[in-house]
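Here is a quick tour of a structure, from overall make-up down to one residue. Have the viewer open as you read.

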Amino acid sequence: MNIAYGRLANTTIGILCMIFMVAPLVLVVLFSFGSSSLMTFPIRGFTFGWYGALMARDDFWSALANSATVTGAVGVAATVIGTAAAMVIVRLRPRQSAAAFFLFGLPMMMPPLVLALALLSLFSVLGVKLSLVTVVLAHLTFTMPFVILIVTARLRDFDYAVIDSARDLGASPLKTFLTVTFPLIRPTLFGAALIAMALSLDDFVITFFLIGGGNTLPTLVWGMLRTGLDPSINALGTLILLLTIGSSALALRLTRYRG
Amino acid sequence: MSDGAPLSLKRDGALLLPAAAVLAGLFIGPMLYFLVVSFFKVSLFKIVPGFDLGNYAKVVGSYGPPILFTMGIGFLIASVTTVLAFIVAHLIWTRGRRFSGILLAATLLTLFGGYLVKIYAWRTLLGRDGIVNNTLVGLGIVREPIEALLYSPVAVVLVLVSYLLPFAILPLYGALRSIEEKTIEAARDLGASPWAAVRDAVLPRCVPALVTAFALCFLVTAGDYVTPRMVGGTRTMMMGNFIESQFGLRMNVPLGAAMTYLTITASIAVIAFVWLALKTVLRPK
């Protein structure tokens, strides 16, 4: 009896935790289509009006363009730099590679506020002008560790015999990488890039301090929250969720990464 | 790994350079500069270099209660999240394919998106006319809507636990997956109850992951200023809020840097204490 109760209690906690994680997101999506301007049940009617209101704003389009620029640049740069590092880390001795993971993982553990303020004070003393470039540079620090982690995991169970054969048959290291290694790990690289992009797209705190002027999608949300009740914020929230969750879902399919 | 590896460390160590440059130039460098600045002074709105412990003295003297409050709420949030996350991770690990599949999908999908979106969704959920209050009144559990649900420390705890759960579940699930089932079977065969098997055979093997999950949750909470500002109300001021305000209206970067380093130091002390405690309590038997 006792065991059965314990099992039931655990299942209940599991289901409640899941609701706890998912419910806020589901509600935002639901209310973005609701015709009432208040977020209360029951939802009376269905409308695309809030999306229309969002599209009619000029600042939405410039924020979208800025987000696309930053996200694209971070995705490419973090993946290239992280993959190069992973190719070295994977062949270090276990102790050394653990140390490398720890070092490169540090920015991941740091609260974004601390990262943002430390970079902001250094940029300001060096006279670096804040722009999308400073945002991209800052995003590299906490997206790169994810790329290194994912790509190293893939390279660990890589069949090195195919590389040896290519080299034995006279291919240069670069040619071997381009014709053998890269095609084999390509899905993982796309996956890693998508994760980096999702993280970058979702970041608010670091972007807020380092962008200088203008908006990305999350800082636009912040601005709308401060100006009062505007239901098109649900439409914007849904759009951000669609982009971040969509790209990470795709990434998880590609990499088969499970923690 | 084969010896005929196509890359040799000596020749190809250079591949590590760009990543090392990012780490050194954009993380370690700024953090060190920030540490140095914490000993500078501000006079007439200008930063004056020097070695001055005044900032630290000021933080200890005037910001003691907020630091303690931040550490306390951080400890609460990180503990609750880690315990719940372990239960969920354990369910994913032990239950049938369908249930664990759904749990794992919910975890992975809520991981990478919507920090700000989640916070403002909770704000509408917990408000006076929000869904939580309407349900409670509708079910007759309370007569009047609970005003204190939103704009209180309770709201900060709810929002951050909900936000942090997926981050804590993943490392724990990773640790559980690497445990061989034989270990548990052996414990059960020797007569251990399910709970005893988890306590003596499973939990001790998860200590590093438990500490990772706790540390991650604790550090995010200690450095957060958006959640307390959005749902905490005017009286819930955490260190993140004070740190952030030194870079906005008050413009006292050295003081803000000193606050940051004291908060980080206190956080590391709490995490180290939790690590030692877990290592002592959870010994493999």
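## Ground rules

Before anything else, a word on helices: here they are DSSP runs of H or I with at least four residues, numbered from the N terminus. Also keep in mind that this is a predicted model.

## Chain B at a glance

Of its 285 residues, 44% count as buried.

## Where the chains meet

On the chain B side, 72 residues are in contact with 69 residues of chain A. The top contributor on that side is helix α2 of chain B (residues 17-37), which supplies 12 residues. By class, the chain B side splits into 52 nonpolar, 15 polar and five charged residues.

## A helix pair in chain A

Now for some packing: helix α8 (residues 173-202) and helix α11 (residues 232-255) of chain A sit with their axes 8 Å apart, at an angle of about 155 degrees. Angles over 145 degrees count as roughly antiparallel, and α8(A) and α11(A) are therefore roughly antiparallel to each other. Their crossing is left-handed.

Residues meeting across this pair include A:Phe190, A:Leu194 and A:Met197 from α8(A), and A:Ile240, A:Leu243 and A:Leu250 from α11(A). The contact as a whole has 13 nonpolar, six polar and one charged residues.

## The nonpolar core

The largest nonpolar core has 166 residues, and A:Ala116 and B:Leu172 have the most contacts inside it. Helix α8 of chain B (residues 153-177) gives the most to this core, with 15 residues.

What does B:Leu172 touch, leaving out residues up to four places away in sequence? The list is B:Ala85, B:Phe86, B:Ala89, B:Cys206, B:Ala209, B:Leu210 and B:Ala213.

## Zooming in on B:Ser267

B:Ser267 is part of helix α14 of chain B, which covers residues 253-281. Is B:Ser267 buried or exposed? A residue counts as buried if 20 or more other C-beta atoms lie within 10 Å of its own; B:Ser267 has 24, so B:Ser267 is buried.

Skipping residues up to four places away in sequence, B:Ser267 touches B:Phe218, B:Leu219 and B:Ala222. As for B:Val157, 110 residues away along the chain, its C-alpha atom is separated from that of B:Ser267 by 17 Å.

Key:
Residues numbered from 1 in each chain as written. Chains lettered and ligands numbered in written order. Predicted model: local features only at pLDDT ≥ 70, side-chain atom pairs only at ≥ 80, totals over all residues. Contact = placed C-beta atoms within 7 Å. Helix = DSSP H or I, 4+ residues; strand = E, 2+ residues; numbered from the N terminus. Nonpolar A, V, L, I, M, F, W, Y, C, P; charged D, E, K, R; others polar. Buried ≥ 20, exposed ≤ 12 C-beta atoms within 10 Å, placed from the backbone. Axes fitted to C-alpha atoms, helices over the stretch in contact; angles between N-to-C directions. Parallel < 35°, antiparallel > 145°, perpendicular 65-115°, else oblique. Left-handed = near helix turned anticlockwise from the far one by under 90°. Core = buried A, V, L, I, M, F, W, Y, C linked by C-beta atoms within 7 Å.
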